[in-house]
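Dear colleague,

Please find the structure below for your records. My notes on what was found in it follow.

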Amino acid sequence: MEGGETLSKQTPWDWMTYPFSSVKTDGSQLYAASPGNGIYCTNESGEWQHISRTLPDELVVNRLQLIHGKLYACSNEGLYTFEDGQWEQPIHAVPCYQYKTSGQCSFMSTDYGLWHRCGNGDWHKVAFSDRKVYDFINVPQFLILGHEDGVSVYDRFTDEWIDFPLGVGVTSLSVYHGHLLGAGEGGELIVGNKQGGFDVVQFGNRLVFTLIRHGRDVYACTDKGLYRIGYLCGQITMFAVKLGFPVTDVDTHDGQLFMATLFEGIQQMNLP
């Protein structure tokens with residue numbers, strides 16, 4: 001498909017069987033990213049448009065974030081922003097995996113640790129500049145990082161870091177009923193045991209790609225489909241939501257669940 005081509009809303013989106021890595025919606029527009037194939041969004045008529053034709057051909061989007069109507073693309077070329085139909089180039093061409101805001105401050109995880117800035121100020125390295133940091137959770141007492149060696153937790157009350165080397169990189173983080181959860185580079189589910197450690201769990205032949213929290217629910221995107229994290233006999237487990245194709249990311253809005261998949265385009269279903 002040529003850059004700038006519009007896909008008719010009469011054409012099912014799953015007709016475009018690119019592998020998709022991320023999907024985000026704010027209700028008015030839906031955005032989707034495909035590694036090596038670009039970023040797409042719906043216009044006011046509900047048609048799909050390729051919006052990244054001015055970006056480098058070798059761009060690989062790791063995650064999309066949509067915050068206050070502004071799109072952020074975490075990529076191998078840095079953090080790109082999209083607003084009012086225009087792309088803003090990265091200040092630093094550092095591979096980026098996650099972007100989040102907290103008040104007036106912003107954080108991004110990169111190949112060179114966690115970075116931080118407030119307002120429109122300069123970016124500064126915060127922690128672990130010698131490691132790839134893939135994801136993070138920022139809460140009042142703790143700053144929790146998932147990185148290439150495992151998990152690290154900064155306690156703001158004691159001003160100390162605690163490292164949990166797991167023998168596997170942790171690419172995604174979430175919290176479920178007090179359990180810190182992660183997705184391992186090899187498809188493992190990392191489960192905080194509430195005893196100061198972590199269990200690295202394999203769920204049969206299922207590979208966990210990422211964990212996404214929406215409201216009270218935590219979804220596990222896997223190579224077999226979409227699962228919801230829950231309890232069974234007091235143990236953390238995964239309950240099937242939608243099976244039959246690999247799911248890489250999800251977003252929700254107004255009772256609808258949107259799934260980025262590897263082989264079936266962008267899928268949509270009612271929230272269970």
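Where in the protein is the place of Gly215? Gly215 sits in the loop between β22 (208-214) and β23 (217-222); strands are DSSP runs of E with at least two residues, and helices are runs of H or I with at least four, numbered from the N terminus.

The model is predicted: local features need pLDDT of at least 70, side-chain atom pairs count only at pLDDT 80 or more, and totals for chains, interfaces and linings use all residues. Residues are numbered from 1 along each chain as its sequence is written, and side-chain values use heavy atoms, with hydrogens and water left out.

Gly215 is exposed, with a relative accessible area of 62% (exposed means over 50%, buried under 20%, partly exposed in between, with a 1.4 Å probe and protein chains only). Its C-alpha atom is separated by 9.6 Å from that of Thr252, 37 residues apart along the chain.

As for the protein overall, the secondary structure comprises 28 strands and zero helices. The C-alpha trace spans about 55 × 45 × 30 Å along its principal axes. Of the 272 residues, 53% count as buried. Among contacts with a separation of 6 or more, 34% come from residues 24 or more positions apart, a contact being heavy atoms within 4.5 Å. The protein exposes about 13,000 Å², of which carbon and sulfur atoms supply 46%; this area comes from the Shrake-Rupley method with a 1.4 Å probe.

With kind regards
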